[in-house]
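The entries below follow the order in which I looked.

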Amino acid sequence: MKPVSLLFVIGLGAAVFAGACGGKKPVEQLAPQPNADSAAAAQAEAERLAREEEARRAREEADRQARAREADSLAALGRTTEAVRTMLAAMIHFDYDKANIRSNDAGTLDEKVAILQANPNLRIRIHGHCDERGSDEYNLALGNRRAQSGKQYLVSHGIDAGRIETQSWGEERPLVDGHDESAWSQNRRDEFEIIGGGDALVRP
Amino acid sequence: MAEWRKVVRSAAVAVALLSAIPPFRLTAQDTSAIDRGVRIGIIYRPGVRPGFVLLPRRGGGLDSVRAIIARDLDYSDRFEVITLPGGDSIRLATPGAPLRPARGATVPAAGGGTQGTALNYPLYQALGADFALDVTAAGDTTVVTLHDVAVGGVRRTIRARLPAPGQADFRQAVHRVADQALQAALGTAGIAATRILFVKDGKVYQIDQDGAELKLVSSSDRQAMSPTWAGDGRRFAYMEFQAGRGQLFLQEMATGKRTPVATTGKALDFTPAFSPDGETLAFSRATEEGTDIYTINLKDNCCLRRLTVGRFSDNLSPTFSPDGQRVAFVSTRPGLPQLYVMAADGTNQELFAPFDYGVTGSSNAPEWSPDGQSVAFHRDVAGTLQVFVLDARSRTVRQLTSVGRNEDPTWAPDSRHLAFVSDRSGYRQLWIIDLDTGRIRPLLQQSGARLPAWSPRLPEVTSSTP
């Protein structure tokens with residue numbers, strides 16, 4: 001402010017001198033005009049405000065975008081967890097009165113191995129089931145064998161046995177009602193249930 | 001069928017009354033083709049089964065007693081039950097004739113309301129009857145008189161104060177009278193006063209052997225399996241199934257009070273079986289190593305013992321021999337479930353029923369007969385299950401059933417009847433077969449019944465609180 005007021009004082013002094021010296025000359029009573037320097041100062045002020053406004057808007061926009069990105073990534077994470085859960089829940093099936101893992105189920109189990117490795121806090125329970133054809137009581141033992149086969153496969157591929165529980169349901173919980181091979185083959189199965197650490201899962 | 005029998009019997013009676021033919025025995029009726037009219041499908045096979053007749057009487061409030069006893073004696077499959085036509089229309093009794101006690105038979109006590117009536121023994125003999133049973137009332141006492149027709153006198157008089165019909169104990173009390181009559185006639189114990197436990201919709205029920213008095217005995221909503229009787233008939237054990245685990249319980253028949261079996265329930269424990277003295281409970285336990293047989297001391301609720309070490313095989317479904325010395329069980333050692341046997345301490349484990357690799361189907365659910373001679377089980381035959389019996393001594397097997405799917409046999413205390421599950425009628429229900437005659441009857445007309453367990457002969461206090 002100081003240089004501006006100095007300039008203003010000098011300007012005023014010059015006007016007084018001119019008036020004193022050029023008495024014949026009609027005094028041109030100049031309308032007070034904004035001094036160029038003061039205009040510049042005002043413009044600077046305005047620009048400053050504009051810049052601040054823009055920065056604020058930019059910050060808000062950045063915040064908004066950040067929030068949006070965060071929401072998007074949460075949704076993505078949720079989608080991933082759901083996808084992983086679905087992969088983990090894929091059942092495996094067995095031949096009649098057998099508990100060995102079928103070769104075409106190895107891929108399904110390998111996927112579970114990868115999921116368990118990628119999610120070290122994940123704990124699961126394997127449920128062994130049978131069809132209605134065998135003996136009611138024997139099927140409890142057979143269902144146990146099937147659950148154990150599933151577990152052994154995972155353990156032999158590097159998963160800690162302590163992360164896997166097993167249960168047998170015998171023929172007591174059929175997935176499909178029906179008395180033909182189509183129903184039976186679907187009922188001879190292992191189901192995989194998450195019992196811990198399944199809130200946020202990452203893809204293997 | 002009953003109608004035909006009636007007609008046949010009527011004809012027989014008519015023939016007997018009209019002509020003095022020599023005595024003959026009326027034995028098994030024919031089931032072969034009956035064209036029209038009265039096909040006398042009678043096969044005269046003397047000496048097959050003693051003929052038995054229940055004397056027709058009216059009133060006295062004992063109709064239901066007579067009906068129950070007649071059915072019990074029929075279901076014993078030890079008599080040829082002769083059904084007389086229309087009671088009073090043919091006078092069979094000769095009033096006023098002096099009573100002739102059979103030699104060596106119990107002389108009935110005086111004072112019985114109808115004791116003065118002797119029977120027209122020759123006529124009954126002509127009808128093929130060896131025994132005649134008369135049910136009468138003397139005050140509040142029911143008097144059951146067993147006549148020995150061949151000897152021509154009274155064999156025994158049974159007096160019983162029966163509860164009123166409809167009371168909880170009524171039918172069992174009548175069943176016990178029927179058993180006494182059978183004992184008096186043949187010298188062997190009957191199976192009338194017995195019950196069968198079974199599972200339906202995850203609950204344990206009991207039913208009398210004659211199909212009456214169906215009753216829920218489960219006391220929890222959890223799924224139950226594998227009920228089995230203690231040898232004294234006062235309690236049973238079963239498995240309660242929950243979330244893939246199994247806990248064993250004991251339950252008192254009289255009070256319904258149940259007690260969990262110690263150390264069970266953390267794993268999948270199933271197929272309990274009492275030792276004959278009731279002090280030991282054997283069962284199967286499924287773990288990571290597979291399924292193996294364990295025992296626990298019930299008296300002290302302690303002392304878990306492992307009898308089998310399967311490693312790569314499953315061992316399950318133990319059943320004690322009646323002398324308590326041996327345990328038959330199922331093992332998958334041959335690659336599929338087959339019958340094995342071991343000493344009760346787990347030693348000397350060996351194959352029990354002969355097994356031909358690639359021929360013999362999976363064999364399961366063994367139950368040792370009360371007389372110790374046989375083990376009933378079921379076996380996969382051409383993709384379905386059939387009931388078999390193993391002779392414990394000769395180790396030969398014979399197939400009992402061939403119609404439909406038949407499984408989970410359980411012995412009656414007479415070791416000649418088996419209850420089992422069959423779908424021969426279109427749905428799975430309980431049936432009873434008599435091994436001596438091959439007669440098969442449905443026990444329960446309800447779908448979904450399974451895992452039956454036939455009681456021993458029941459003590460008198462089954463339904464009263466101790």
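Predicted model: local features only at pLDDT ≥ 70, side-chain atom pairs only at ≥ 80, totals over all residues.

Residues are numbered from 1 along each chain as its sequence is written, and chains are lettered from A and ligands numbered from 1 in the order in which they are written.

**Entry 1: a helix pair in chain A**

I took helices as DSSP runs of H or I with at least four residues and strands as E runs of at least two, numbered from the N terminus. Axes are lines fitted to C-alpha atoms, for helices over the stretch in contact, and angles run from 0 to 180 degrees between N-to-C directions. I looked up helix α2 (residues 36-89) of chain A and helix α3 (residues 106-118) of chain A, whose axes come within 9 Å and cross at roughly 135°. The pair α2(A) and α3(A) is therefore oblique. I then checked the hand of the crossing, which is left-handed for α2(A) passing α3(A) (the near helix is turned anticlockwise from the far one by less than a right angle; clockwise would be right-handed).

Which residues make this contact? With contact meaning that the C-beta atoms, placed from the backbone, lie within 7 Å, I found Val84(A), Met87(A) and Leu88(A) on α2(A), and Glu111(A), Lys112(A) and Ile115(A) on α3(A). I sorted residues by class, with Ala, Val, Leu, Ile, Met, Phe, Trp, Tyr, Cys and Pro as nonpolar, Asp, Glu, Lys and Arg as charged, and the others, Gly among them, as polar. The contact of α2(A) with α3(A) then has four nonpolar, no polar and two charged residues.

**Entry 2: domains and sheet of chain A**

The domain bounds I used come from an automatic or database domain assignment. For chain A it gives domain 1 (1-20 + 34-89) and domain 2 (92-196). Five residues of domain 1 of chain A are in contact with five residues of domain 2 of chain A, and on the domain 1 side I counted four nonpolar, no polar and one charged.

I next traced an open sheet of four strands in chain A, with mixed pairing and the order β1-β4-β2-β3, where two strands pair if DSSP finds at least two bridges between them. Strands β1 (92-93) and β3 (164-168) of chain A stand at the edges with a single partner strand each, so one side of each is left without a neighbour in the sheet. β1(A) runs antiparallel to strand β4 (residues 189-196) of chain A over two bridges, and Ile92(A) stands opposite Asp190(A) in β4(A).

**Entry 3: where the chains meet**

How many residues are in contact between chain A and chain B? I found 15 residues of chain A in contact with 27 residues of chain B. On the side of chain A, α4 (138-156) and β3 are the elements that give two or more residues, and α4(A) has the largest share with six. That side divides into four nonpolar, six polar and five charged residues.

**Entry 4: chain B**

Chain B is divided into domain 1 (48-186) and domain 2 (195-454), and their C-alpha centres lie 37 Å apart. Their contact takes five residues from domain 1 of chain B and nine residues from domain 2 of chain B. Helix α2 (residues 63-75) of chain B gives three residues, the largest share of the domain 1 side.

I followed α2(B) to helix α4 (residues 170-186) of chain B: the two pack at about 50°, with their axes 9 Å apart, which makes α2(B) oblique to α4(B). This crossing is right-handed, and the contact has nine nonpolar, one polar and two charged residues.

Last, I noted an open sheet of five strands in chain B, in the order β2-β1-β5-β6-β7 with mixed pairing, whose edge strands are β2 (80-82) and β7 (153-160) of chain B.

Conventions:
Contact = placed C-beta atoms within 7 Å. Parallel < 35°, antiparallel > 145°, perpendicular 65-115°, else oblique.
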